[in-house]
Amino acid sequence: MISKEHNILFAAEKLFSEKGFEKTSTREISREANVNISMISYYFGSKENLLVSLFDMRMAESQSFLDEILIRQDINEWQKISLIIDRYTSRVRELKVFYNILQTEQLTNKNEQIIKYLKNSKLGYLKVYEDLAKQGFENKIFKLRPNIALLHATLIGTMFYAMNGLPMYKEYYKKTASDTTFDDNYYAELNIHIKQVLKNLLGYEEN
């Protein structure tokens, strides 16, 4: 059973994605979550703290999965990167509402804690990719040492452009908005495409 606290977080996530943070009121959030408006103050104190808690929850989920992958000794550096891409592609699709918020907040947010979250997340992933690329090169898994900043930019740019462009591509291919089969194939091919780009950048060849 979902707790009231998480119910409020999920309701806020939906509304922040649809309307934006500034245009969403705490009253609308309480109505969406079907709770008394006082519960928002009780659990979070303010709408700003609610947004911070939302980022805290989603970032913690990502970090937990990343940590599980990095400590594994039974897979090589490419397999770790591959699992990270699998997870990333899945989350971008499943949590599109959150990633809509994330993209908006990168451009508009003045909350120092959110800015810090976003910066630390990017720096953290840069370090992960740099370490895996270095270890993979030293272990002769990879033949190349790419510019990690550009590798990261290529990955992030491709992922988010693909996510944002999906409605346009469905229109181009004359698919309906509700065509989930197209979505399934689209994200599966996106996953393959990103991995192929990274293989080329890293100089990785399948055995």
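In which helix is the place of Leu155? Leu155 lies in α8, where helices (H or I, at least four residues) and strands (E, at least two) are DSSP runs numbered from the N terminus. The model is a predicted one, in which local features need pLDDT of at least 70, side-chain atom pairs count only at pLDDT 80 or more, and totals for chains, interfaces and linings use all residues. Residues are numbered from 1 along each chain as its sequence is written, and side-chain values use heavy atoms, with hydrogens and water left out.

Leu155 counts as buried because its relative accessibility is 1%; buried means under 20% relative accessible area, exposed over 50% and partly exposed in between (1.4 Å probe, protein chains only). Leaving aside residues up to four places away in sequence, Leu155 touches Ile85, Tyr88, Tyr129 and Ile194, a contact being heavy atoms within 4.5 Å. Ile85 is 70 residues from Leu155 along the chain, yet their C-alpha atoms are separated by 9.0 Å.

Turning to the nonpolar core (buried Ala, Val, Leu, Ile, Met, Phe, Trp, Tyr and Cys residues joined through side-chain atoms within 4.5 Å), the largest one has 55 residues, and Ile29, Phe55 and Tyr99 have the most contacts inside it. At least two residues of this core come from each of α1, α2, α4, α5, α6, α7, α8 and α9, and α4 (47–70) gives the largest share, nine residues. Beyond four places in sequence, Phe55 touches Phe98, Ile101, Leu102, Glu105, Ile114, Tyr117 and Leu118.
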